[in-house]
Amino acid sequence: MTTGGHGFDGVERRGLMFVLSSPSGAGKTTLSRLLIERMPGLKMSVSATTRAKRPGEVDGRDYQFVDKPSFEEMVKQDELLEWATVFDNRYGTPRAPVEAALSAGQDVLFDIDWQGTQQLREKARADVVSVFILPPSAADLEKRLHSRAQDSDEVIRKRMSRASDEMSHWAEYDYIVINHDVDEAFAEVQSILKAERLKRERRTGLVGFVRGLQGQLQG
Ligand SMILES: Nc1ncnc2c1ncn2[C@@H]1O[C@H](COP(=O)(O)OP(=O)(O)OP(=O)(O)O)[C@@H](O)[C@H]1O
Ligand SMILES: Nc1nc2c(ncn2[C@@H]2O[C@H](COP(=O)(O)O)[C@@H](O)[C@H]2O)c(=O)[nH]1
């Protein structure tokens, strides 16, 4: 995968893929929206899904809503960077917008499950930074799913019964954030992104930058 661009301090670096996963309702969407609003240079990956649109969701903004045959065609044409079946629906990451953003020097934010994260890691280990969001308690998780008021009791029951399964993958992630309070969890996730942007190994322009500094010192 081609990644490239400039850091905010003018030093070239490879773009990164910033992944948030969690059991349903722990707060990925909330934190993703804040990150996109407040972190320049970060672009949201809009997934394709076969699930029904929730009230208030907008096609192309929240998801690309597609039917099953269209999803299968995307898989067949290798248009998805990763895909998985989650809660009986298909979800996948369209490849082209991610590659375009990374090539343009942007970082890309993903709200995807553990299966998708594993697939991204297999494709681009060095460029994936993964964060697992945990709820403070099971009771809070259930309360959040109800307070979102967008899923039926049956759907919420299904999501609660899958939460333990999803959570069993926590140790595969680079960072773990417990979302007690949105502002605190946001500050933690933001710090992770800021620090990862400064990692030496993805700052491809550092050698030249330091040589330039040394030249100035000698000259
Ligand atoms: N720290 C928090 N305290 C209280 N409520 C929260 C907190 N974080 C998120 N919420 C609320 O919990 C609900 C679920 O959050 P959100 O939709 O962000 O979860 P999610 O992880 O994206 O879920 P899904 O995987 O189902 O898309 C929302 O109503 C959101 O406003
Ligand atoms: N592997 C992928 N998982 C995805 C993708 N887009 C979303 N998701 C995950 O699905 C569940 C349910 O989402 P919801 O919007 O129906 O509540 C959640 O865990 C998402 O992270 C994707 O492209 N690939």
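This is a predicted model: local features need pLDDT of at least 70, side-chain atom pairs count only at pLDDT 80 or more; totals for chains, interfaces and linings use all residues.
Apart from neighbours within four places in sequence, the residues in contact with Arg 203 are Asp 9, Val 11, Glu 12, Arg 13, Arg 197 and Leu 198.

One of these contacts, Asp 9, is also a salt-bridge partner: the side chains of Arg 203 and Asp 9 meet at 2.3 Å, N to O.

## The salt bridge between Arg 197 and Asp 107

Arg 197, which is among the contacts of Arg 203, forms a salt bridge with Asp 107, and the closest N and O atoms are 2.7 Å apart. This pair also connects distant parts of the chain: Arg 197 belongs to helix α7 and Asp 107 to strand β7 (residues 107-111), 90 residues apart.

Arg 197 counts as buried because its relative accessibility is 9%, under the 20% limit. Asp 107 is buried as well, with a relative accessible area of 0%. Arg 13 is in turn one of the residues in contact with Arg 203.

## Other salt bridges

The whole structure contains 17 salt bridges. Among them is the pair Glu 57 and Arg 54, whose closest N and O atoms are 3.8 Å apart. Both Glu 57 and Arg 54 are buried. Side chains of opposite charge can pair when their charged atoms come close.

## A negative patch on the surface

Asp 181, Asp 183, Glu 184 and Glu 188 gather on the surface in a patch of negative charge. Residues of such a patch have no salt bridge.

Asp 183 is found in helix α7, which spans residues 182-197. With 54% relative accessibility, Asp 183 counts as exposed, since the class begins over 50%. Helix α7 thus holds Asp 183, a member of the negative patch, and Arg 197, a buried residue.

Notes. Residues are numbered from 1 along each chain as its sequence is written. Chains are lettered from A and ligands numbered from 1 in the order in which they are written. Side-chain values use heavy atoms; hydrogens and water are left out. Patches are made of residues with over 30% relative accessible area and no salt bridge: like charges are joined within 9 Å, nonpolar side chains (Val, Leu, Ile, Met, Phe, Trp, Tyr) within 5 Å. Accessible areas come from the Shrake-Rupley method with a 1.4 Å probe; for residues, only the protein chains shown count as cover. A salt bridge is a side-chain nitrogen of Lys or Arg within 4 Å of a carboxyl oxygen of Asp or Glu. Lys and Arg count as positive and Asp and Glu as negative; His and the chain ends are not counted. The place of a charge is taken as NZ of Lys, CZ of Arg, CG of Asp or CD of Glu. Helices (H or I, at least four residues) and strands (E, at least two) are DSSP runs, numbered from the N terminus. Buried means under 20% relative accessible area, exposed over 50%, partly exposed in between (1.4 Å probe, protein chains only). Contact means heavy atoms within 4.5 Å.
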